[in-house]
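Please keep the sequence and the structure in view while reading.

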Amino acid sequence: MSGRTHLGMPAFPEAATSATRDARLRRNLRHATGTIRAKRAEAVAELPDWAELRAAGAAIKDRTLRHLDHYLEQLEEAVTAAGGTVHWAADAAEANRIVTELVRATGETEVVKVKSMATQEIGLNAALEKAGIRAYETDLAELIVQLGDDLPSHILVPAIHRNREEIRDVFRGRMSRWGRPAPEGLTDDPAELAEAARLHLREKFLRAKVGVSGANFMVAETGTLVVVESEGNGRMCLTLPETLISVVGIEKVVPTWRDLEVFLQLLPRSSTAERMNPYTSMWTGTTDSETADGPRDFHLVLLDNGRTDALADTVGRQALRCIRCSACLNVCPVYERAGGHAYGSAYPGPIGAILTPQLRGTTTELDASLPYASSLCGACYEVCPVAIDIPQVLVYLRERVAEGGEVTVRGQRTTIRPARGHAAERAAMRAARWALDHPGALRAGQRLAARTRRLHPRRLPGPGRAWTASRDLPAVPAESFRDWWRRTRDDRAEGDRR
């Protein structure tokens, strides 16, 4: 990604309306998510104890989050003892400043990057570019996104919205601007595309002095960081550069290696449908030998950026269990039709719909719209390897958007106002509450609705227009259930007397 961010993107309904009209995008998403979904189901079915693993993963995450301060301090002590340096970043601006200063201190003007959701979240590439430092993405899909001046649209497969022909055209037209050009006569054959990327990146790996990464997990007891990937580019970025800077969300810590073992079973099967990741790289601190693998200077930037605020919410905090497997995206009917860009965040799909509003708040039209980017079908919860009840959190966040209330912002309890555009919804809920509290009025209203049902419109006017734009208004029955019950019960009683 080069300089592009999600800032200024429209609310989800507007962005999704545009995306669903793109036939090629929908075709690409349908094919890719369907393939990944089927393979994942096969991989998970191989384990008879998958449900137990899932429960164990959720329990480990919950225990860690309850004692997060303890494990983060333990992690800092272990990383420091192993020769690394730990930096604490309260928000995106502080994290970007820290990384920029660390790169400048080396005298280098370019870095190679491992695929990292945290650096996408904070817009690190744009910050480095502003400081005159060029960041080269080395994951194949991230490379495609960067060369195309695009934005990622999937957690696991950032270029899922592109097909092979589009990728070939991006390589032919843009690769030379970033280094070695694409080979002459490049076709859309996957092997040729992979080889073109390999040749393009090889020279960057060999000359890079600074690497930037995230981490899938951090083991508190030893200060070890873990990156899992499928291409080998991560291994190159983690071992070849002299300086390594890792930007990691504070929720990625796990207490022990024994806990890590659970997630190394859950993650590959849920993400890439593999029994284990082809490359699992682990490093602890620094190396003092020029012949040994690994950095001689290691910096860990621990990123908050709204995470402690989410942690303070007893319902929403379960989103911090997420291990970024993307299984929820691949089963979501909304994501499959709208794609990832419509979410306006580094975190698309169902997990993004609950994580982004907690990290960024719900003060913007975009962020306030995300909890509604779901049909509440529950498929996301069924496949989540750490049992995040995404539908529950979506409904909870919808209430926050519509009603306002107390939230934690930068560690302080704050009362937020309801988001704009929900006055009619609040009025309807108040009217429904009053009617349900007054049975006589409810019966009268039901009978009136039944007697006038032939006059009812098929589409609602005013604020209800958006709801019925894609749905038929349910037909009102000839009589209410209460009236039917009374009538049929009386008929049965009369029959018994006879």
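## A helix across the sheet

Helix 5 (residues 92-106) lies across strand 1, strand 2, strand 4 (210-213), strand 7 (243-249) and strand 10 (297-303), and runs at about 145° to strand 1. Helices (H or I, at least four residues) and strands (E, at least two) are DSSP runs, numbered from the N terminus. Such angles run from 0 to 180 degrees between N-to-C directions, with axes taken as lines fitted to C-alpha atoms, for helices over the stretch in contact. Contact means heavy atoms within 4.5 Å.

## Basis of the model

The model is predicted: local features need pLDDT of at least 70, side-chain atom pairs count only at pLDDT 80 or more, and totals for chains, interfaces and linings use all residues. Residues are numbered from 1 along each chain as its sequence is written, and side-chain values use heavy atoms, with hydrogens and water left out.

## The chain as a whole

The chain contains 23 helices and 12 strands. Its C-alpha trace spans about 100 × 55 × 45 Å along the principal axes. Of the 498 residues, 51% are buried; buried means under 20% relative accessible area, exposed over 50%, and partly exposed in between (1.4 Å probe, protein chains only). Among contacts with a separation of 6 or more, 72% join residues 24 or more positions apart.

The accessible surface comes to about 24,000 Å², and carbon and sulfur atoms account for 51% of this surface. Accessible areas come from the Shrake-Rupley method with a 1.4 Å probe; for residues, only the protein chains shown count as cover.

## Domains and annotations

The domain assignment gives domain 1 (47-305) and domain 2 (438-496). The centres of domain 1 and domain 2, taken over C-alpha atoms, are separated by 57 Å. Such bounds come from an automatic or database domain assignment.

In UniProt, an unreviewed entry lists residues 72-303 as "domain: LUD". This span, residues 72-303, is 42% helix and 21% strand, and its end C-alpha atoms lie 11 Å apart. The unreviewed entry also carries the annotation "domain: Lactate utilization protein B C-terminal" for residues 397-488. Residues 397-488 are 51% helix and 11% strand, with end C-alpha atoms 42 Å apart. UniProt positions are given in the numbering used here, feature names are shortened, and annotations may be inferred rather than shown by experiment.

In what order do the 6 strands of the open sheet with parallel pairing stand? The order is 1-10-7-4-2-3. Strand 1 (85-89) and strand 3 (134-137) stand at the edges with a single partner strand each, so one side of each has no neighbour in the sheet. On average, neighbouring strands of this sheet are turned by 25° against each other, direction ignored. Two strands pair if DSSP finds at least two bridges between them.

Strand 2 (residues 110-113) is joined to strand 3 by 4 bridges, and the two run parallel. Lys113 has Glu137 in strand 3 as its bridge partner, and Lys113 also stands opposite Val212 in strand 4. Strand 4 is joined to strand 2 by 2 bridges and to strand 7 by 4 bridges. Val210 stands opposite Thr243 in strand 7. Both faces of strand 4 are covered, with Val210 and Val212 buried on one side and Gly211 and Ser213 buried on the other. In a regular strand the side chains alternate between the two faces of the sheet.

Another open sheet has 4 strands in the order 8-5-6-9, with mixed pairing. Strand 8 (253-254) and strand 9 (279-284) are at the edges; each has a single partner strand, so one side of each is left without a neighbour in the sheet. Strand 5 (residues 217-219) runs parallel to strand 8, to which 2 bridges join it. Val219 stands opposite Val254 in strand 8. Helix 12 (residues 257-271) packs on the sheet and touches strand 5, strand 6 (224-229), strand 8 and strand 9; the direction of helix 12 makes about 160° with that of strand 5.

Is Ala196 buried or exposed? Ala196, which lies in helix 10 (residues 190-207), is buried, with a relative accessible area of 2%. Leaving aside neighbours within four places in sequence, Ala196 is in contact with Phe171, Met175, Pro183 and Leu186.

Ala419 lies in the loop between strand 12 (412-416) and helix 20 (423-437). Ala419 counts as buried at 15% relative accessibility. Apart from neighbours within four places in sequence, Ala419 is in contact with Ala368, Val401 and Arg426.
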